[in-house]
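Thanks, everyone. I'll be quick today. Please have a look at the model on the screen.

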Amino acid sequence: MQIWVDADACPNVIKEILFRAAERVQIPLILVANKILQTPPSRYIRTMRVGAGFDVADNTIVREMVSGDLVITADIPLAAEVICKGGHALNPRGEFYSKENIEERLTMRNFMDELRETGVNTGGPATLSQKDRQAFANGLDRFLARHCRE
């Protein structure tokens, strides 16, 4: 199993949690972005730089990941593709996307997009709080405890 990160939009505080987790459980962590990223020196952490463009990083993650891998993303369409391919998807606020909830999330995302297209100001996501960071760290730890027992 590997952990893939949709790194262009991933908050640095979440990356730091992931860096520590990769070292602790000795699991490969791949950060995919269209810019150069700084990571701590580690045999478990690497970056994959992709070209700029709409969904280039997302498409690379879906192409490279395998069933059972974990993908960290707030991108709901990417999460849906990951789940369809047999992977796991966790957002930076600690919420796992699943077969049971992804369709509802996609529907809401599409509805909000339609509102924005008509000029309605829907606002952006709230700032990542300490509670969100803790929820992410806890969700990641539980996942790794279940899936990295070897």
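Let me start with a question: which residues in α1 meet which residues in α5? Keep in mind that this is a predicted model.

Here is the list. From α1 we have V13, I14, I17, L18, A21, R24 and V25. Their partners in α5 are R133, F136, A137, L140, D141 and L144. Sort those contact residues by type, and you get ten nonpolar, three charged and no polar.

Now the geometry. Two packed helices are described by the angle between their axes and the distance between the axes. Helix α1 covers residues 12-25, and helix α5 covers residues 130-147. Their axes come within 11 Å. The crossing angle is roughly 25 degrees. Angles under 35 degrees count as roughly parallel, so α1 and α5 are roughly parallel to each other. As for handedness, α1 passes α5 in a right-handed crossing.

Let's step back to the whole protein. How many helices and strands does the secondary structure come to? Five helices and six strands. Read from the N terminus, the order is β-α-β-β-α-β-α-β-β-α-α. The radius of gyration is 15 Å, close to the 15 Å that the globule rule gives for 150 residues, so the protein is as compact as a globular protein of that length.

Some overall figures next. The C-alpha trace spans about 50 × 30 × 30 Å along its principal axes. Of the 150 residues, 39% are buried. Then the contacts between residues at least 6 apart in sequence: 51% of these join residues at least 24 apart.

That's my tour. Over to you.

Definitions and conventions
Residues numbered from 1 in each chain as written. Predicted model: local features only at pLDDT ≥ 70, side-chain atom pairs only at ≥ 80, totals over all residues. Heavy atoms only, no water. Axes fitted to C-alpha atoms, helices over the stretch in contact; angles between N-to-C directions. Helix = DSSP H or I, 4+ residues; strand = E, 2+ residues; numbered from the N terminus. Parallel < 35°, antiparallel > 145°, perpendicular 65-115°, else oblique. Left-handed = near helix turned anticlockwise from the far one by under 90°. Contact = heavy atoms within 4.5 Å. Nonpolar A, V, L, I, M, F, W, Y, C, P; charged D, E, K, R; others polar. Rg over C-alpha atoms; globule rule 2.2 N^0.38 Å. Buried < 20%, exposed > 50% of the residue type's maximum accessible area, 1.4 Å probe, protein only.
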